[in-house]
Every structure is written in C-alpha cells, then in structure tokens.
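Q: I'd like to go through the side-chain contacts in this one with you. Can we put it up and start with the charged pairs?

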Amino acid sequence: MTTQIFDRKEVYVGRDFGGVTGDITPDLVATYIAGTGDDNPWYRGDSPLGGPIAPALILHSAVYRTLEWYLPNIFGNLHTRQEWEVFAPVMVGERLTTRSVIIDRHLKRDREYVVNEVLVGNASGQIVSRSRTHQSFLLPDQAKQGFVIDRAREKDSSRSFKIGERGGDLIDSPMRTITEDMCMAFSGPVRNYHNDKQKAVELGFPEIVVQGMLSVCLVAEMMTRRFGLGFLYGGKMDLRLVNVLWGNDVTGPKGLIVGRRPEGIRTRAEVEVWCDKADGTKTVVGSASAIEL
C-alpha cells in the first residue's frame, strides 16, 4: 500500500524545498552593492549596532535557489508580487539558514500563480525575515507568437496607476540606470533572461528583463535610509510588479508617509511606495511600513 499522494515533481501547496545554510560575508555584501547600487555606509563599516549590518534583503534571491517550484511552461513567466517582513537585523559575518515552501497556487485570468514562502533564520534559531514571492505562468493553451510583453504595453492606459497623489511626507531617492553589469551582478553569474538579451528573447521578451527583486531591493534601500533600525526591526513591504523594468532603464523608488498608528509603546509609519522610470512609468506599486524609533 502506498501512502504517496503527490507525484515527486508536482508543484503543490505544502511542498517543502528545504533550504541552505551560509555565511553573510563581505564579498556577498559587495556583490549586493554592485547589483543594486545601494552602498549604505552601515554595510561596510560602523553602524548603530557596532559593526557592519547586512542589507535587509541580502538573501533577496533565496527563493530562486531552485526552480523546481516553477510550472513547466516558463515562456513569458513573470514575478508579479512580493511580500517581505523583516524581523531582526543581520550582521555581516552571521550564518543564516533558509527554508522554502509552496503556500498557494491559483488561477487568475490567463495565468496560473504559485506563491513560495521563504523563512530565514540565524544561528540561534531566530527567524529574521519572511518573504512571499508570487510568480505567474501562462496557461498551456495560452501559447503566444512573438513577444509576450514589449515596451508598448506599459503605455497602455490600463497600465496607469494612481499612487503617490494624496498628501503625505515625501520620501525621495535618486534615480539610477540599471546597467547590464548590475544585472549580471544581481542575477548572475549564469546567463539568463535577467542579464542576457538573447536569453530574454528566447522567453518572449525583447530586452533584458531586470529581475523584479532588484526593484524590491530599491524600495528596501529607501526604507532603510529613511527609518534606519526601525525598518530592520519589523519592516514590512507588499509590492506589486506592474510593468517590466528593462535593461538600461533609469528608475528609482519613492514613498509617501500617509499615516501613523500605535504599535505597543512605539509608532508604525505607513508608507505608500512605488518605483518610477525616467518617463514616469510605474514599475512597482504598493505599501511598506516601519517602526519610528
């Protein structure tokens, strides 16, 4: 009698992909800086905690350690939403362990969505962060000829998003060009559609598709610079990736503090956040929050 319910290759809710254990080294931090442009002085030298603190999203791509959780049709697949909760700072030199599990799978219009949750813990067993990555895949009967998405899509009126238009305290960050060297540092060293144009064309895109997680890291950079330890102890983000960021595009995050609420003896700042391209096209919209210390 067999007790096996699921095929070993099936992508099902509850499937556990295990994880890895590794050290947060200065070299890893340097690669993060090269890939994002986020060169906070806390990452290399002194900080309020007495030594270098790793970027909040230093393990930004732990969810992609294995792609066994992807559905078979990867042509035109897209990262559509990213949730992140930061529970404690990570010091450079710490050892972290990840754990990845599928928590949802559902249909919506012409795509199927899989959600992968990653927990990250430190050597003492403390959970330091939790992330949920929402990846979408074209249905098998939705095969397309040519490009799945091109630059014209983001100019469609349906891709206009009303965010950043109400009152609040502005949080602004400089724009930067996402170069191909940055894409390779962030999404390499293996060539793929996030760092190589030919690989992008093979998957239905006209240009390098900048990894969605890079824009998520830019929002985390902005929140860290604005709130400091208040983001590293209890920061949250819920972001929707609404337009593609292409290789060599210019982009930057922005935020509006739109509210504050009590949280214990402290206050949590609620922030409306987004990322713009140089022409105003929004690539990311959503919310974030941090404790005000």
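Q: How many salt bridges does the count come to?
A: Bearing in mind that this is a predicted model, the count comes to 27 salt bridges.

Q: Ok, which residue does Asp 38 form a salt bridge with, and how far apart are the closest N and O atoms?
A: Asp 38 forms a salt bridge with Arg 225, and the closest N and O atoms are 3.7 Å apart. Asp 38 lies in the loop between helix 1 (26-36) and strand 3 (78-86), while Arg 225 is in helix 4 (residues 212-227), so the pair ties together parts that are 187 residues apart in sequence.

Q: And is Asp 38 buried or exposed?
A: Asp 38 counts as buried because its relative accessibility is 1%, under the 20% limit.

Q: Which network of salt bridges is Asp 38 linked in?
A: Asp 38 is linked with Arg 176, Glu 221 and Arg 225 in a network of salt bridges. Within that group, Glu 221 forms a salt bridge with Arg 176, with the closest N and O atoms 2.8 Å apart. This pair also links distant parts of the chain, since Glu 221 belongs to helix 4 and Arg 176 to strand 8 (residues 176-177), 45 residues apart. Both Glu 221 and Arg 176 are buried.

Q: What about Lys 155, which side chain does it meet in a salt bridge?
A: The side chain of Lys 155 meets that of Asp 279 in a salt bridge, at 2.4 Å from N to O. Lys 155 lies in the loop between strand 6 (127-138) and strand 7 (169-172), and Asp 279 in the loop between strand 11 (266-277) and strand 12 (282-292), so the two tie together parts that are 124 residues apart in sequence. Lys 155 counts as exposed at 52% relative accessibility, whereas Asp 279, with a relative accessible area of 48%, is partly exposed.

Q: Switching to rings, how many aromatic pairs are there?
A: The count comes to 6 aromatic pairs. One of them is Trp 69 with Tyr 70, an edge-to-face pair at 5.0 Å centre to centre and 90° between the planes, and both residues are buried. Tyr 70 also forms an edge-to-face pair with Phe 137, at 5.2 Å centre to centre and 75° between the planes.

Q: Which residues do the ring pairs link into a cluster?
A: Ring pairs link Tyr 64, Trp 69, Tyr 70 and Phe 137 into a cluster.

Q: And which ring does the charged end of Arg 226 sit over?
A: The charged end of Arg 226 sits over the ring of Phe 227, 4.8 Å from its centre.

Q: What does Phe 231 touch, leaving aside residues up to four places away in sequence?
A: With those left aside, Phe 231 touches several residues, including Ala 56, Val 86, Met 223, Met 237 and Ala 290.

Methods
Residues are numbered from 1 along each chain as its sequence is written. This is a predicted model: local features need pLDDT of at least 70, side-chain atom pairs count only at pLDDT 80 or more; totals for chains, interfaces and linings use all residues. Side-chain values use heavy atoms; hydrogens and water are left out. A salt bridge is a side-chain nitrogen of Lys or Arg within 4 Å of a carboxyl oxygen of Asp or Glu. Helices (H or I, at least four residues) and strands (E, at least two) are DSSP runs, numbered from the N terminus. Buried means under 20% relative accessible area, exposed over 50%, partly exposed in between (1.4 Å probe, protein chains only). Rings of Phe, Tyr and Trp (its six-membered ring) pair if their centres lie within 6.5 Å; planes under 30 degrees apart count as stacked, over 60 as edge-to-face and the rest as tilted. A charge sits over a ring if NZ of Lys or CZ of Arg is within 6 Å of the ring centre and within 35 degrees of the ring normal. Contact means heavy atoms within 4.5 Å.
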